[in-house]
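Please look through the structure below before reading on. The paragraphs after it go from single residues to the chain and back again.

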Amino acid sequence: MQQHEPPLTVLLVEDDDDHALLIRRCLAELPTKLKVERSIDADSTLQLLHAARARGPQCLPDLVLLDLGLPDRSGLEVLADIKADEATRHVPVIVLSTSEEKSDVTRAYQHHANSFLVKRGDLYGLREMLRTMGQYWTICNRS
């Protein structure tokens, strides 16, 4: 009997419903089974991670997709909190942003982002970027 790997858990931190829907649809097209959880702001994201950490390291997400433009606090603050916590700093965080500002990219990496991707404006571009990202983080990358 073949054993099945549990699905990878992705925490999508995105306040825009349309962006979240598109990202979920693109991730669903990946060959790797993913369980996508969504958070819409900084406070709920940090509460979710805190609760997962309390249940044990196996309950933390395998990957965080983090928007910078959150309604309550900056995504950079969330990133800094994730990477400052010894229990969560190992979780890869990919910043997904509409910003192409060099200062945003630089600050994200200063806060230990694992990657910074610019959300493409067209559906095909977004799908292709997320497909490539998904293949790298779920197939090629080893953690």
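A residue is called buried when its relative accessible area is under 20%, exposed when the value is over 50%, and partly exposed in between. T106 has a relative accessibility of 33%, so T106 counts as partly exposed. Keep in mind that the model is a predicted one.

T106 belongs to helix α4, which covers residues 102-110. Ten residues along the chain from T106 is F116, and the C-alpha atoms of the two are separated by 9.4 Å.

Now take the chain in general. Its secondary structure consists of five helices and five strands.

The next topic is overall size. A compact globule of 143 residues would have a radius of gyration near 15 Å, and because the chain has 15 Å, the two agree. Along the principal axes, the C-alpha atoms fill a box of roughly 50 × 40 × 25 Å. Of the 143 residues, 43% are buried. The accessible surface of the chain is about 8300 Å², and carbon and sulfur atoms account for 50% of that surface.

Contacts show how the chain is folded back on itself in sequence terms. T32 gives an example. T32 sits in the loop between α1 (17-28) and β2 (34-39). Setting aside residues up to four places away in sequence, T32 touches L8, T138 and I139. T138 is 106 residues from T32 along the chain, yet the C-alpha atoms of T32 and T138 are separated by 6.7 Å.

A second example is L79, in helix α3 (residues 75-84). Is L79 buried or exposed? Its relative accessible area is 0%, and therefore L79 is buried. Apart from neighbours within four places in sequence, L79 is in contact with L66, V93, V95, A108, H111, H112 and A113. For one of these, V93, the C-alpha atom is separated from that of L79 by 7.5 Å, with the two residues 14 apart along the chain.

H112, also among the contacts of L79, lies in the loop between α4 and β5 (115-118). With a relative accessible area of 52%, H112 is exposed, because the cut-off for that class is over 50%. H112 therefore falls in another class than L79, which is buried at 0%, although the two are in contact. The backbone of H112 has a positive phi of about 75 degrees, although H112 is not a glycine.

C26 has 3% relative accessibility, so C26 counts as buried. C59 has a relative accessible area of 28%, which means that C59 is partly exposed. How many disulfides does a search of the whole structure find? The search finds zero.

The chain carries 17 positive and 22 negative side chains. The centres of these two sets lie 5 Å apart.

Definitions and conventions. Residues are numbered from 1 along each chain as its sequence is written. This is a predicted model: local features need pLDDT of at least 70, side-chain atom pairs count only at pLDDT 80 or more; totals for chains, interfaces and linings use all residues. Side-chain values use heavy atoms; hydrogens and water are left out. Helices (H or I, at least four residues) and strands (E, at least two) are DSSP runs, numbered from the N terminus. The radius of gyration is taken over C-alpha atoms; the globule rule is 2.2 Å times the number of residues to the power 0.38. Buried means under 20% relative accessible area, exposed over 50%, partly exposed in between (1.4 Å probe, protein chains only). Accessible areas come from the Shrake-Rupley method with a 1.4 Å probe; for residues, only the protein chains shown count as cover. Lys and Arg count as positive and Asp and Glu as negative; His and the chain ends are not counted. The place of a charge is taken as NZ of Lys, CZ of Arg, CG of Asp or CD of Glu. A disulfide is a pair of cysteine sulfur atoms within 2.5 Å. Contact means heavy atoms within 4.5 Å.
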